Amino acid sequence: LNYPTAQFMTSAPTLAKCPEDTGAEVAFAGRSNAGKSSAINALTQQKALARTSRTPGRTQLINFFSVMNNEACRLVDLPGYGYAQVPEAVKLEWQKHLSDYLHSRLSLRGLVLLMDARHPLTEFDQMMLGFADQRDMPVHILLTKADKLKKGPASAALQKVRSRLQEWEDLVSVQLFSSLKRDGVDSLAQRLDQWLHT
Ligand code: GTP
Ligand code: MG
């Protein structure tokens, strides 16, 4: 698909406010600051389509982008989870919206789960894998900020995550990714094509 044609559609605070649940979409999830918005910008070759920030917790709404001028084909930037500095009540509220969205969104074809390559598979990441597993939904893991690791440690991180997820290899794929260097953008696009084309 021609991802650079992506355009902002809308932001939704809750599942009820999301665009109509038809067509196909893929969602980008991961801890706060993992690089979700940056990955969407790298994929779409746009500097500021999705808002990025050094301050974790920037994306607080579910943001929808349409691809190829077609509202039935969407990329979704989810709020980051695990941000320590928001009140517990707010955290629980976000967690509920996230879980609602992941459990009941019918047009959701697959989940891109981003993890900092230096700290993969946190408790939150495993919770997200659990949500996806409950629905038999495929997950593509991006080990982000790979530019911060040398080649050896980067491929060691990749092997480690792959071997820990071996029992899920039918549903889960893993790759290294760097928005900064644009490394891994093509393999990400190929995976999304598989999910969105059907
Ligand atoms: P929230 O919206 O808060 O959940 O964060 P996010 O996951 O959308 O992260 P975002 O894309 O805003 O990136 C967070 C920070 O990491 C920013 O300062 C980015 O510039 C930086 N960053 C993102 N991707 C990369 C990368 O591939 N390499 C490096 N070195 N920095 C990156
Ligand atoms: Mg973001």
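Analyst: Two strands pair if DSSP finds at least two bridges between them; strands (E, at least two residues) and helices (H or I, at least four residues) are DSSP runs numbered from the N terminus. This is a predicted model, in which local features need pLDDT of at least 70, side-chain atom pairs count only at pLDDT 80 or more, and totals for chains, interfaces and linings use all residues. Residues are numbered from 1 along each chain as its sequence is written, chains are lettered from A and ligands numbered from 1 in the order in which they are written.

User: What is the strand order of the open sheet?

Analyst: The sheet has 7 strands in the order E1-E3-E4-E2-E5-E6-E7, with mixed pairing. Neighbouring strands are turned by 25° against each other on average, direction ignored.

User: What makes E1 and E7 edge strands?

Analyst: Strand E1 (7-12) and strand E7 (172-176) each pair on one side only.

User: Why is Leu-158 called partly exposed?

Analyst: A residue is buried with 20 or more other C-beta atoms (placed from the backbone) within 10 Å of its own, exposed with 12 or fewer, and partly exposed in between. Leu-158 has 19 within 10 Å, so it is partly exposed. This residue belongs to helix H4 (151-164). Its contacts (C-beta atoms within 7 Å), leaving aside neighbours within four places in sequence, are Leu-143, Val-174 and Leu-176.

User: Which residues have the most contacts inside the largest nonpolar core?

Analyst: They are Ala-27, Phe-28, Leu-113, Ile-141 and Leu-143, in a core of 50 residues. Such a core is a set of buried Ala, Val, Leu, Ile, Met, Phe, Trp, Tyr and Cys residues joined through C-beta atoms within 7 Å. The largest share of this core, 6 residues, comes from E5.

User: How do you know that the span of H2 is close to the one expected?

Analyst: The expected span is 1.5 Å times one less than the number of residues. Helix H2 (88-104) has 17 residues; 24 Å is expected, and the helix reaches 24 Å from first C-alpha to last.

User: What are the buried residues of H2, and why are they on the same side?

Analyst: The buried residues of H2 are Trp-94, His-97, Leu-98, Tyr-101 and Leu-102. They cover an arc of only 125° around the axis (taken from the directions to the C-beta atoms), which puts them on the same side of H2. These residues pack against strand E3 (62-67) and helix H3 (123-134).

How values were computed: Two residues are in contact if their C-beta atoms, placed from the backbone, lie within 7 Å. Axes are lines fitted to C-alpha atoms, for helices over the stretch in contact, and angles run from 0 to 180 degrees between N-to-C directions.
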